[in-house]
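Open the model in your viewer and keep the selection panel at hand. We will go stop by stop.

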Amino acid sequence: MQEYRFPVEAGHIVQFRSALGYATVRFDDPTLTAPLTLVQGGNHYNPNWPYRLRSRTGPDDAPASVGQPVHPDEIQLHAEQHYEYFQALEPGTVLAVSSQPGRTWSKTSRNGNELRFSEVITEYRDQRGDLIVRGRLVSVTTAAPHPVQAAP
């Protein structure tokens, strides 16, 4: 299980809203709430997120890995993302974020390859422990396409 804390700051909400094309609001607007997908930006607070920017000096010098390790003959893709909302996300909330594996299943693709699906369930809880958002990520692993070889 992976866990980290994600502070929801008014400035972050305003910037995120602006990036999505929402009307401009002030960071001190008492009605300010976060856009529904703001929690996805919380990955930047996760010290183990493989795409997190890392310092290139000191002990953090090693390059970040990209994606989940899979066999060289396989590729892994992000297939779906779902969110379930229980409360509005307001500035000042500090979310405790925890993830755990969900279901796994497989299907056969149209070309006869096996497609393996897996879920990761992520819960975002506030300071009181109340569930604010639940996310479900589905990834699929499949055989990597083999390069086409030219005819001799």
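Helices (H or I, at least four residues) and strands (E, at least two) are DSSP runs, numbered from the N terminus. This is a predicted model, where local features need pLDDT of at least 70 and side-chain atom pairs count only at pLDDT 80 or more, while totals for chains, interfaces and linings use all residues. Residues are numbered from 1 along each chain as its sequence is written, and side-chain values use heavy atoms, leaving out hydrogens and water.

**Whole chain.** Color by secondary structure. The protein has one helix and five strands. Their order from the N terminus is β-α-β-β-β-β. Of the 152 residues, 30% count as buried, meaning under 20% relative accessible area with a 1.4 Å probe, protein chains only.

**Helix α1.** Select residues 10-19. Which residues of helix α1 are buried? They are A10, H12, I13, V14 and R17. An α-helix has 3.6 residues a turn, so residues three or four places apart point the same way. Step on to G21, which follows α1 and has a positive phi near 90°.

**Strands β2 and β5.** Select 74-85 for β2 and 131-143 for β5. Two strands pair if DSSP finds at least two bridges between them. β2 and β5 pair antiparallel over eleven bridges. Zoom to Q76; T141 in β5 stands opposite.

**Strand β4.** Pick E119 and find V138 of β5 opposite.

**The hairpin.** Last stop: β4 and β5 form a hairpin with five residues between the strands. Select G129 there; its phi is positive, near 90°.

Key: Buried means under 20% relative accessible area, exposed over 50%, partly exposed in between (1.4 Å probe, protein chains only).
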